[in-house]
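This briefing covers a few local features of one protein model. Please look over the sequence and the structure before reading on.

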Amino acid sequence: MKERLQKIISHAGVCSRRKAEELIKEGRVKVNGHTVTKLGTEADSVRDCIEVNGKVIKKERLKYFLFNKPDKVITSMTDPAGRRTVSDYFSQIKERVFPVGRLDYHSEGLLLMTNDGDLDYILTHPSHEVYKIYEVVVRGKFSERLAEKMSEGVKIDSGITAPCDIEIISYDKEKNKTFLKMVLHEGKNREIRKMMEAFHFPVFKLERVGYSFLTLKGVSRGTFRSLSPEEVRRLYELHK
């Protein structure tokens, strides 16, 4: 059965569907020895020989994991600087899984890992607005008025952030720290940190504790668990 080339590549666990599209446009994909650069090109994953960066790809079993990312870990498969990456925690997994979205170097918490490019596309596409829950600790006293203002949108370098929910959990007067709960429906790069920087609130800690209906319950820092078939089904339904 013929399918779009980027879909076959993502299902093989090589990369996400978006990244596969980039590889095709860059001329790094071949079908039966011929370089393909046109998006929308179809191929048969069983009958055709498909190469990415000179390596023949093979279809893998789809895998889905919920990972509790530690601090000082790169959300990438490799790092030229030699820093620890999320892939280091999945070295015993036969399939090549990749992160869905990202958490920055100093952010911790819930990160989905999979080799299912279709699900990655559903969860990261801006139009689907999958909500994520964060616990944030900042220096200084955060007022209700500021929380309301910031929740309406903040101008950062990539534009104005989408409306979000901000709840003040507590304020530690002795340490001059405010504990916040934030719910975001988009995923701009370092969005929360940039929002706080815009109002001069340094971030001490940032942890993603929820991804739609998923939580970190039972998953300690630096470990992961497999998603159940029911959880995968519910994630697929988020785009409906």
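**Around G222**

Leaving aside residues up to four places away in sequence, G222 is in contact with F67, N68, P70 and Y89. This is a predicted model.

Position of G222
- G222 belongs to the loop between β16 (214-215) and β17 (224-226).
- S170 is 52 residues from G222 along the chain, and the C-alpha atoms of G222 and S170 are 27 Å apart.

Aromatic rings
- The whole structure holds 6 aromatic pairs.
- F65 and F90 form a tilted pair, because their ring centres are 5.6 Å apart and their planes meet at 55°, while an edge-to-face pair needs planes over 60 degrees apart.
- F65 is part of strand β7 (residues 64-69) and F90 is in the loop between β7 and β8 (98-99), so this pair ties together parts that lie 25 residues apart in sequence.
- F65 and F90 are both buried.
- F67 and F90 have ring centres 5.4 Å apart and planes at 75°, so this pair is edge-to-face.
- One aromatic cluster is made up of F65, F67, Y89, F90 and F224.
- Two members of this cluster, F67 and Y89, are among the residues that G222 touches.

Charges over rings
- R17 is placed over the face of Y121, 4.1 Å from the centre of the ring.
- R234 has its charged end over the ring of F213, at 3.9 Å from the ring centre.

Helix α5
- Helix α5 spans residues 191-198 and is mostly covered, with 6 of its 8 residues buried.
- The buried residues in α5 are E191, I192, R193, K194, M195 and M196.
- H200 follows α5 and has a positive phi, near 60°.

Key:
Residues are numbered from 1 along each chain as its sequence is written. This is a predicted model: local features need pLDDT of at least 70, side-chain atom pairs count only at pLDDT 80 or more; totals for chains, interfaces and linings use all residues. Side-chain values use heavy atoms; hydrogens and water are left out. Rings of Phe, Tyr and Trp (its six-membered ring) pair if their centres lie within 6.5 Å; planes under 30 degrees apart count as stacked, over 60 as edge-to-face and the rest as tilted. Helices (H or I, at least four residues) and strands (E, at least two) are DSSP runs, numbered from the N terminus. Buried means under 20% relative accessible area, exposed over 50%, partly exposed in between (1.4 Å probe, protein chains only). A charge sits over a ring if NZ of Lys or CZ of Arg is within 6 Å of the ring centre and within 35 degrees of the ring normal. Contact means heavy atoms within 4.5 Å.
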